[in-house]
Amino acid sequence: MTVPVTLRIMGEIDIHTVPGLIPSEQTPFSLSAAIAPLSGLDDANTHDVKNWLGDQLDKADADESGPSDAEMKLIEDAAALLLYQQAEENDITYEADSFVLMLVLRERWPVGSKAKLRDIAARAGAVFSYKLVVCPPQPFTEGSDDEAVAKAEAASLAEMLPTLKRARKQFASSSGLQQFLNNA
């Protein structure tokens with residue numbers, strides 16, 4: 001499980017590629033201590049980390065230069081924690097030279113329970129709550145080649161297309177995914 005992978009984190013607005021990602025030594029509690037909105041919570045959990053990560057990927061308008069090195073390290077640690085936790089829960093092992101696409105998508109808030117989800121999102125300083133979709137790993141060897149990244153991303157999305165179409169309503173607040181599904 002300590003095999004490094006190339007992770008592409010795709011949010012609503014921002015996309016980051018992290019070559020050579022290895023499992024983070026962080027726990028939800030230790031990571032949340034380093035994240036400003038979560039540091040005041042005594043009971044921070046992976047949902048809070050996921051909502052914080054989604055919110056970070058929604059902040060493309062904050063600065064043209066992108067996140068600082070410290071912010072990028074927190075984003076990478078959060079993504080690594082969530083990726084490898086989910087892999088352990090689902091008994092998934094990654095092989096060397098794998099490409100993994102992680103979609104961090106806005107969750108549709110059902111009528112009647114909207115206030116509850118708003119409170120959950122607000123704990124992380126987020127406007128929306130988010131769901132993770134981790135696509136099946138793809139073989140990958142060219143870490144710096146943009147064409148290889150695009151090809152692996154397309155293969156990941158193509159493999160997840162039936163699942164995403166079935167769960168379309170769950171991600172109704174995710175305009176980018178809805179547009180992709182309409183074009184597919």
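User: What makes T46, H47, K50, L82, Q85, Q86, E89 and L132 the lining of the second largest pocket?

Analyst: Good place to start! In this predicted model, lining residues have an atom within 4 Å of a pocket point. T46, H47, K50, L82, Q85, Q86, E89 and L132 line the second largest pocket. The elements giving two or more residues to this lining are α2 (46-57) and α3 (69-89). Helix α3 supplies the largest share, 4 residues. The pocket holds about 190 Å³ of space.

User: Let's turn to α2. What makes the span of α2 agree with its number of residues?

Analyst: The expected span is 1.5 Å times one less than the number of residues. For the 12 residues of α2 that gives 16 Å, and the end C-alpha atoms are 16 Å apart, so the two values agree.

User: Why is α2 called mostly covered?

Analyst: The cut-off for buried is under 20% relative accessible area. In α2, 10 of the 12 residues are buried, so the helix is described as mostly covered. The buried residues are D48, V49, K50, N51, W52, L53, G54, D55, Q56 and L57.

User: Is N51 buried or exposed, and how do you know?

Analyst: N51 sits in helix α2. Its relative accessibility is 2%, and buried means under 20%, so N51 counts as buried. Leaving out residues up to four places away in sequence, N51 touches I120, A121, A124, A126, F128, S129 and Y130.

User: Where in α5 does the kink lie?

Analyst: The kink is at M160, shortly before the proline P162, and amounts to about 50°. The bend at a residue is the angle between axes fitted to the seven residues ending there and the seven starting there. M160 is also one of the buried residues of α5, which include A148, V149, A152 and E153.

User: Why is E153 called buried?

Analyst: E153 lies in helix α5. Its relative accessible area is 16%, and the cut-off is under 20%, so E153 is buried. Beyond its neighbours within four places in sequence, E153 is in contact with R8, M10, F99 and L101.

User: How do you know whether Q138 is buried or exposed?

Analyst: The same test works here: Q138 has a relative accessible area of 10%, and buried means under 20%, so Q138 is buried. Q138 belongs to strand β5 (residues 138-139).

User: What makes A152 a contact of Q138?

Analyst: Contact means heavy atoms within 4.5 Å. A152 is among the contacts of Q138, together with D97, S98, F99, A155, S156 and E159, leaving aside neighbours within four places in sequence. Q138 and A152 are 14 residues apart in sequence, and their C-alpha atoms are 6.2 Å apart in space.

User: To finish, how many helices and strands are in the chain?

Analyst: The chain has 6 helices and 5 strands, running β-β-α-α-α-β-α-β-β-α-α from the N terminus. Buried residues make up 44% of its 184 residues.

Key. Residues are numbered from 1 along each chain as its sequence is written. This is a predicted model: local features need pLDDT of at least 70, side-chain atom pairs count only at pLDDT 80 or more; totals for chains, interfaces and linings use all residues. Side-chain values use heavy atoms; hydrogens and water are left out. On a 1 Å grid over the protein atoms alone, a cavity is a set of points where a 1.4 Å probe fits but cannot get out, and a pocket is an open set with protein on both sides within 12 Å along at least five of seven lines; lining residues have an atom within 4 Å of a point. Grid points are joined across faces, edges and corners, and a volume is the space filled by probe spheres set on the points. Buried means under 20% relative accessible area, exposed over 50%, partly exposed in between (1.4 Å probe, protein chains only).
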